[in-house]
Amino acid sequence: MEDGMTAESITIQGHRGDDIEAYLARPLAAGPFPGVVVIHHMPGFDRATKEIVRTFAVYRYAALCPNLFHRYAPGAKAGDAAAAARAQGGVPDEQCVGDVAGAVSHLRELADSNGKVGVIGYCSGGRQTYVVACTLDVDAAVDCYGGRVVASAEELSPVHPVAPIDMTPQLRCPLLGLFGAQDANPSPVHVARMEEKLRVHGKAYEFHSYEGAGHAFFSVDRPSYRVEAAKEGWKRIWEFFGRHLAGS
Amino acid sequence: MCTYVTTTTEIEGSALGPQGWFDVDHAVVYFDHPQDAALEHALSIDFRQRNADPSTHVAVELDAQSARLLARAILEALDLVSDTAHDRPVGSKGAP
């Protein structure tokens, strides 16, 4: 059984053709393999996120995480880059979509790609996943506790001009949502509103909320880590991606 | 949850980082997920210099109560110096 993988930092072309750093992990076994774009959380393109990317490769996905903070601090440590991005007002949705589009293209162009690419995001990455799934042609999307998918007018900004929930009519792939029942944003009320919107617009979705879990329950290096919720969540991810990213 | 709320204020002074002292001209303050502190949310204060290398900054992450205690300590320290001539507008350094 071949369960080896390779992992390395590479350069891809993101929004407007800009060169940005990305972390790519690929199975060593013979393909073809589906691809997964991993959208990092607000603390940034960090060690924990790269561990998630490698996990996908172990499970026979080519996984790629674009460094959404690269432009703010090329070559900097993850924490310095995250701080620099924060100081400049954060990542505009348009720019994020462009960078993820570059990552999707890169994965589809791999010689051992099966042509299918999904996207998964955690925390702020979950919100960005929702935006991407409503904007780009990807084959499946997983939103892990993305806050501010439901956003009031006061919560919008020049970098986040549209509430992702208002993009729901344009959702173009099946969506898996994984949430903590004790999370404040997205709260159970927010999740219910998302479900209602998805139902009204006839979208394919599957939501799971975990009791005893709040925000960031997948983060193994944070006090928010919840073992049972994370174990169950990963099972849902493998089943969901297995169903929607299998080759034709 | 991600708060996305960030406050930036102009400041004047110096910060001591791993490479020594450097001038600071603004501070970024937010209550959100921390980089390092073992907290779900932290009050982060990032002392920065515009146009400097991204690694040239000094940051702290505090729990909410610690941040309030720090804010109180800052104000108390300033109030102990009763001479209000010390309060100059930011950017007026060196002006008579």
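**The cavity and its surroundings**

Analyst: The largest cavity holds about 40 Å³ of space. A cavity here is a set of points on a 1 Å grid over the protein atoms alone where a 1.4 Å probe fits but cannot get out, and lining residues have an atom within 4 Å of a point. Grid points are joined across faces, edges and corners, and the volume is the space filled by probe spheres set on the points. With a threshold of 30 Å³ or more, the count is one cavity.

Some ground rules: this is a predicted model, where local features need pLDDT of at least 70, side-chain atom pairs count only at pLDDT 80 or more, and totals for chains, interfaces and linings use all residues. Residues are numbered from 1 along each chain as its sequence is written, chains are lettered from A and ligands numbered from 1 in the order written, and side-chain values use heavy atoms, leaving out hydrogens and water.

So who lines the cavity? Chain A gives Arg127(A), Arg148(A), Ala151(A), Glu155(A), Leu156(A), His160(A) and Pro164(A), and chain B gives Tyr4(B). That lining splits into four nonpolar, one polar and three charged residues (Ala, Val, Leu, Ile, Met, Phe, Trp, Tyr, Cys and Pro count as nonpolar, Asp, Glu, Lys and Arg as charged, and the others, Gly among them, as polar).

Leaving aside residues up to four places away in sequence, Tyr4(B) touches Met42(A), Arg86(A), Ser124(A), Arg127(A), Gly147(A), Arg148(A), His160(A) and Asp32(B), contact meaning heavy atoms within 4.5 Å.

Tyr4(B) also turns up in the second largest pocket, where it is among the residues nearest the centre, with Met42(A), Gly89(A), Gly90(A) and Val91(A). A pocket is an open set with protein on both sides within 12 Å along at least five of seven lines. This one has about 440 Å³ of space, and its lining divides into 12 nonpolar, 10 polar and five charged residues.

As for confidence, chain B has a mean pLDDT of 88, with 83% of its residues at 70 or more (pLDDT is the predictor's confidence in each residue, from 0 to 100). The model scores ipTM 0.84 and pTM 0.93.
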